Number of protein chains: 2
Amino acid sequence: MSGYRFYQRTKGVFHDHPHITKLLVVLSVSGGGVAAFSDTRPFQTGYADAAHDIKKKKVVVLGTGWAGTSFLKSLKDPGYEVHVVSPRNYFAFTPLLPSVTNGTVEARSIVEPIRSIVRKKKFDVHFKEAECHKIDTQNKKVYCQSTQDNNLGGSEEFTVDYDYLVIAMGARANTFNTPGVVEHAHFLKEVEDAQRIRRTVIDCFERASLPTISEEEKKRILHFVVVGGGPTGVEFAAELHDFVNEDLAKLYPSLKQHVQITLLEAGDHILNMFDKRITEFAEEKFSRDGIHVKTGSMVVKVTDKEISTKERSSGQTVAIPFGMVVWSTGIGTRPVIMDFMKQIGQTNRRVLATDEWLRVEGCDSIYALGDCATINQRRVMEDIAAIFSKADKNDSNTLKVDDFKEVINDISERYPQVQIHLKKKQLKNFFQLLKHSDDDDELNIEKFKSALSEVDSQMKNLPATAQVASQQGAYLADCFNRMDICEKYPEGPIRFRGTGRHRFHPFRYKHLGQFAPLGGEQTAAQLPGDWVSIGHSTQWLWYSVYASKLVSWRTRMLVISDWGRRFIFGRDSSRI
Amino acid sequence: MSGYRFYQRTKGVFHDHPHITKLLVVLSVSGGGVAAFSDTRPFQTGYADAAHDIKKKKVVVLGTGWAGTSFLKSLKDPGYEVHVVSPRNYFAFTPLLPSVTNGTVEARSIVEPIRSIVRKKKFDVHFKEAECHKIDTQNKKVYCQSTQDNNLGGSEEFTVDYDYLVIAMGARANTFNTPGVVEHAHFLKEVEDAQRIRRTVIDCFERASLPTISEEEKKRILHFVVVGGGPTGVEFAAELHDFVNEDLAKLYPSLKQHVQITLLEAGDHILNMFDKRITEFAEEKFSRDGIHVKTGSMVVKVTDKEISTKERSSGQTVAIPFGMVVWSTGIGTRPVIMDFMKQIGQTNRRVLATDEWLRVEGCDSIYALGDCATINQRRVMEDIAAIFSKADKNDSNTLKVDDFKEVINDISERYPQVQIHLKKKQLKNFFQLLKHSDDDDELNIEKFKSALSEVDSQMKNLPATAQVASQQGAYLADCFNRMDICEKYPEGPIRFRGTGRHRFHPFRYKHLGQFAPLGGEQTAAQLPGDWVSIGHSTQWLWYSVYASKLVSWRTRMLVISDWGRRFIFGRDSSRI
């Protein structure tokens, strides 16, 4: 029995201390032992405090992607009752999805059950595996439908009331209404997509191995087309190339010559959101690897065996036979979000608009973050009169530079484009900007306007990345944690159009850099401060960053051991 | 670049030396290094010798299960051209399927691509991912149909010629034509089945968590019924119980009380092929664990929500509501085998009959092994006159005991039931058996018959297990390897009904014992010599035996690390 008790205890340690933050040696096959310390703290349900509170505020979180999960992980205040509604009962570490398509990493290694993520929370969490299909802002409730397989007795409908609603439902793939894409192309947004792609690649190779397949048909079946030259498409093409050359070529030696990977991009270059050096490096590497990059090529139609593109250079439409198409051209809006936008009057928009505090515009107590929302930044020009009058305390209609001293920080915080503009113009501070425009020491509203006229051009939307979603989730949770204290002592900038201060600081995105893995153990990275790093060493940086960002110790160990397994044994090509 | 070259070399070592037979420490996260020796032997295609031979004999193997894979692994003679046809392009280590259903082991960890298993073979191997649906013995060819997903352009039909045909297609689940089983129950024969069961278990828990589900409905959804008290059913029930109690109870604390696992067995006891001590231990353990074992209960119907059983004790039919049913009541014949049996006149049989050399009765150059075949043992009584006359060299119609000396070994080998009978009767040798019957020194045919009259009652069919299939595959490959030499110098017993000797020794099964994992880190084992071992130590024996029996170093490392992962982090309950 003592072995069993040791087993239970050891397990307990890891279950009870998800916060151990040093890299641990997990597996020691030869020694057979696992070093661990004992802990017999009884199991906590997280429901202990529930009875003490009279009425908890009900927070409903829609979605368990980066934004929703990050929110749940950072939320600490036991004064909430949290309900999570999502069709996926797990969080998936999506940046590794391209690796899953080829078996560099296993699907199971990048997912963590949401219940296990929130298990140790001090607040009540209720997870519901269901899809929200309607938001009723009038009665403050959401309508949901169960998503389990129907063999358990049809789908269930139910509603969930909320005091606060956090919309973090992400986006779907954008087909630009191209005919045939939904029917014949693979997307790469969900774990199931990645698994399906992996099976299809093997299907292509097995089918091309059959004795009745002609040479021409082999070429078609083994033509893999990737649409979209963004980071996901590029990484998938690179991973597929490695899979074919490092693993499949050995098992299907006669087929290697027939394999062709084509990357279609409508723009002039792949990875166009990256530095030019990275784009060039990637294009050269792909050309060396034999990956066919076709830029200026817009897909107009997909059928079961052919993809038709319109070439910008010639204006002609070309039909290319293929075995598999992966569609990765950016994100589109989910139908439920579309409906919700109509309902709240946000028409003619691509995604939900929020203010800088992630509150959905025109709604009460509804927040939206991640890929389903963008922050509608406030223009300086919109508020210019209000700013002026806030600074102009004695209503003189003219301002001295010194008059701004009190509001300068508030302006910078409320309108971050000001700082960006200063940096771009290489001005030391706001006063220089004002002086710059005029030698006179005094400003009237017209001069003030003209000084700030260019500032708003510096505004741009945040990219739809995991990094943004994750920071937004953490930010919002932090606001929720300090809701009461900040109500009393607001910490945000002055309300230029109203009185007093905003309760919280507005959300500010910190860009930590972006990777573009290019295959062959090479990665490009664009780091803050325009620092570009390319090559094998960057691949190791990529390994470290991704390992450290994984959501749990379990997934971390699994992904690292997957990398080790691939390194030693190659990727598996069993069709399961 | 040196790091890359080290990487390539290290990979090469493991790819080129699949025969390294010591347990290796695979992963060392902290050190970051992998100890390995370098090897730059160029890649061998295995096709090198093809050109030298004038006409190779074409061996077609149907199936990549235990029998087929074991045959391929043991075949060495480069004089064959081997074609493998199977709907699965991988070998699956099926004894771990019950572990896959609950995530103790991952599906990917127990499979190995068949192409990778045969890659280093000296003979030509061509794998075709297809289903054989007809065998044409007249023209010596098999008809096949591709099994890839239809998005690649419909299914392909083709034929493969053979000189020798090895049928190793296994069996399907046996429903005994019970209505509703195919539609509503899960089987546990393929990797996909195990993955589906895993998803369904999570579906049940998620559905039972929805707010609209009544208490009664919760009880139904969380009622897991296992039909069949054989080793697979028992192991699945035990694994499910562990999964629920060790992992799911923590994530779904309010549901634990509603979970019920029921094991239905038509006979009087579960594990009835095992020693009584094991059966008793298992039944007691299950009763302590709260797994409801219902014996004497025969399933008569399954609907989407209810399973109806006829109770032997009361004669009444009872309907039990369920959330999931797993059907594991033994094996049935595949349709293609059924058709083939009709074609060759083997009607009224459950599986293909072969002789002791695994040759299908009534066919030329066709072998069958594994679950799709049984060895039709020759009765002594059938050949009694021939045996007598072979011994009676001088045609005297009477035999002295000494006359048998020359043929005694041949008799024992040709009719293994003789040895079993002697052992059972505690007789030292064949002469004692003959003497036993009569004090006279001389035997006539009638006395000889009566002495051997009980011998044939010792014959019994081999069980449909991985162990039998695997030994048969290795045996047959060994025969194929020595086909020519044994043609010249036959090594088998005398042909009592013909002249000369049989070319090979007949197949002889060596039973190495059988495990029955019972959950909670306890296993029962019945080892040769009626040795029974039960408990935690047997679990470790189980771990060792299964780890050593895995087909490749890759799967071995993966399964061991899966066990380690489960031990530390528990099982994953993400619904993927």
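In chain B, B:R575 and B:D203 form a salt bridge whose closest N and O atoms are 2.5 Å apart. B:R575 lies in the segment after α19 (553–569) of chain B, while B:D203 belongs to helix α6 of that chain, so the pair ties together parts that are 372 residues apart in sequence. Both B:R575 and B:D203 are buried. This pair comes from a predicted model, and the paragraphs below move from the single chain to the meeting of the two chains.

Of the 576 residues in chain A, 56% are buried. Among the contacts in chain A with a separation of 6 or more, 64% are made by residues 24 or more positions apart.

How are the two chains placed relative to each other? As a general principle, two copies of a chain are related by a rotation about an axis and a shift along it.

By contacts, 89 residues of chain A touch 89 residues of chain B. Between chain A and chain B the buried area is about 8200 Å², and carbon and sulfur atoms give 62% of it. On the side of chain A, the residues that lose the most area to chain B are A:R108, A:L152 and A:I576, which together account for 11% of what that side buries.

Polar and charged groups also take part. The rule finds 24 residue pairs in polar contact across the interface of chain A and chain B, counting pairs with both residues at pLDDT 80 or more. Helix α19 (residues 553–569) of chain A supplies 12 residues, the largest share of the side of chain A that touches chain B. By class, this side of chain A has 36 nonpolar, 24 polar and 29 charged residues.

Side chains of opposite charge can pair when their charged atoms come close. Over all chains, a search of the whole structure finds 64 salt bridges, and the count between chain A and chain B is 10. One of the pairs joins B:E206 and A:R115, with an N to O distance of 2.7 Å. This pair crosses between chains, from helix α6 (residues 191–208) of chain B to helix α4 (residues 114–117) of chain A. Both B:E206 and A:R115 are buried. Another salt bridge links A:E156 with B:R207, the closest N and O atoms being 3.4 Å apart. There is also a network of salt bridges that links A:E106, A:R198, A:D562, A:R565, A:D572, B:R108, B:E112 and B:R554.

A:D193 and A:R196 form a salt bridge at 3.5 Å between the closest N and O atoms. Both lie in helix α6 of chain A, 3 residues apart, about one turn of the helix.

Note on methods:
Residues are numbered from 1 along each chain as its sequence is written. Chains are lettered from A and ligands numbered from 1 in the order in which they are written. This is a predicted model: local features need pLDDT of at least 70, side-chain atom pairs count only at pLDDT 80 or more; totals for chains, interfaces and linings use all residues. Side-chain values use heavy atoms; hydrogens and water are left out. Contact means heavy atoms within 4.5 Å. Buried area is the accessible area (1.4 Å probe) that two parts lose on being put together, summed over both. A salt bridge is a side-chain nitrogen of Lys or Arg within 4 Å of a carboxyl oxygen of Asp or Glu. A polar contact is a pair of N or O atoms within 3.5 Å; within protein, one must be able to donate a hydrogen and the other to accept it, and residues adjacent in sequence count only if both atoms are side-chain atoms. Helices (H or I, at least four residues) and strands (E, at least two) are DSSP runs, numbered from the N terminus. Ala, Val, Leu, Ile, Met, Phe, Trp, Tyr, Cys and Pro count as nonpolar, Asp, Glu, Lys and Arg as charged, and the others, Gly among them, as polar. Buried means under 20% relative accessible area, exposed over 50%, partly exposed in between (1.4 Å probe, protein chains only).
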